[in-house]
Amino acid sequence: MNSERVTHEFPPVFDEHSRVLILGTMPSPKSRAAGFYYMHPQNRFWKMLCAVLGEEIPPDIDGKRKLCLANNIALWDVLASCDINGAADSSIANAEPNDIRGLLEKCPIRAIFTTGKKAHALYKRFFHDLQEDICLPSTSPANRTISEEKMLEEYRAIKNAVEQR
């Protein structure tokens with residue numbers, strides 16, 4: 001499979017109350033087709049997030065958006081565009097960042113989480129002068145190097161950040 005130029009085509013989830021920002025790299029083909037974040041049926045993001053928040057997984061995009069906002073969570077991706085082979089983060093080239101600085105001016109983000117090593121590396125590359133991020137394990141179906149129990153333990157940091165006053 002060859003790389004293709006991909007542009008992020010849907011907006012971040014946030015409002016003026018968002019205190020936690022969760023950043024991926026670039027939406028997968030399934031997520032781009034659905035027009036929302038972490039929509040591959042085998043991606044464990046929504047399972048992990050809902051488990052740490054003590055919520056049921058919403059059945060639709062509107063419910064997932066409302067869940068994030070109700071918990072003061074913003075959701076976006078580090079990249080606005082890149083060359084990528086399918087959903088393989090390891091193939092990312094010619095990356096262009098999203099306007100994370102602009103988003104941080106619109107809401108009181110106190111904690112930033114990146115979902116996976118590539119998102120973390122790209123955040124550091126483009127936004128090294130902004131607040132530190134916390135790198136969480138990737139929830140991608142390709143990441144089977146960590147048990148769900150261990151992943152859940154690490155994702156609990158999101159709940160701790162949401163609950164900080």
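This is a predicted model: local features need pLDDT of at least 70, side-chain atom pairs count only at pLDDT 80 or more; totals for chains, interfaces and linings use all residues.
## Terms and ground rules

Helices (H or I, at least four residues) and strands (E, at least two) are DSSP runs, numbered from the N terminus.

Residues are numbered from 1 along each chain as its sequence is written, and side-chain values use heavy atoms, with hydrogens and water left out.

## The chain as a whole

Let us start with the overall layout. The chain has six helices and seven strands, and from the N terminus on they follow the order β-β-α-α-α-β-β-β-α-β-α-β-α. The radius of gyration of the chain (taken over C-alpha atoms) is 15 Å, close to the 15 Å that the globule rule (2.2 Å times the number of residues to the power 0.38) gives for 165 residues, so the chain is as compact as a globular protein of that length. Along the principal axes, the C-alpha atoms fill a box of roughly 45 × 35 × 30 Å.

Of the 165 residues, 49% count as buried; here buried means under 20% relative accessible area, exposed over 50%, and partly exposed in between (1.4 Å probe, protein chains only). The chain exposes about 8,300 Å², and carbon and sulfur atoms supply 49% of that area. Accessible areas come from the Shrake-Rupley method with a 1.4 Å probe, and for residues only the protein chains shown count as cover. Contact means heavy atoms within 4.5 Å. Among contacts in the chain with a separation of 6 or more, 64% are between residues 24 or more positions apart.

## The largest pocket

A pocket is found on a 1 Å grid over the protein atoms alone: it is an open set of points where a 1.4 Å probe fits, with protein on both sides within 12 Å along at least five of seven lines, and lining residues have an atom within 4 Å of a point. Grid points are joined across faces, edges and corners, and a volume is the space filled by probe spheres set on the points. The largest pocket holds about 700 Å³ of space.

Its lining is made of 31 residues, and Asp89, Thr115, Ser138, Thr139 and Ser140 lie nearest the centre. Helix 1 (29-34), strand 5 (88-97), helix 5 (117-127) and strand 7 (133-136) each bring at least two residues to the lining, with helix 1 giving the largest share, three residues. By type, the lining divides into 13 nonpolar, 13 polar and five charged residues; Ala, Val, Leu, Ile, Met, Phe, Trp, Tyr, Cys and Pro count as nonpolar, Asp, Glu, Lys and Arg as charged, and the others, Gly among them, as polar.

## Helix 2 and its surroundings

Seven of the nine residues of helix 2 (residues 45-53) are buried, so this helix is largely enclosed by the rest of the structure. The buried ones are Phe45, Trp46, Met48, Leu49, Cys50, Val52 and Leu53. They pack against strand 2, helix 3, strand 3, strand 6 (111-115) and helix 6 (148-163). Just after helix 2, Gly54 takes a positive phi of about 70°.

Strand 2 (residues 20-24) includes Val20, which is buried, with a relative accessible area of 0%. Leaving out residues up to four places away in sequence, Val20 touches Asn72, Ile73, Ala74, Ile109, Ala111, Phe113, Ile158, Ala161 and Val162.

Most residues other than glycine have a negative phi. Asn72 has a positive phi of about 60° although it is not a glycine. This residue lies in the loop between helix 3 (61-70) and strand 3 (73-77) and is buried, with a relative accessible area of 15%. Beyond four places in sequence, Asn72 touches His17, Ser18, Arg19 and Val20.

Asn94 likewise is not a glycine, yet has a positive phi of about 50°. Asn94 is placed in strand 5 and counts as exposed, at 53% relative accessibility. Setting aside neighbours within four places in sequence, Ala95 is in contact with Leu79, Ser81, Cys82, Leu122, Arg125 and Phe126. Ala95 and Val78, 17 residues apart in sequence, are 9.4 Å apart in space, C-alpha to C-alpha.
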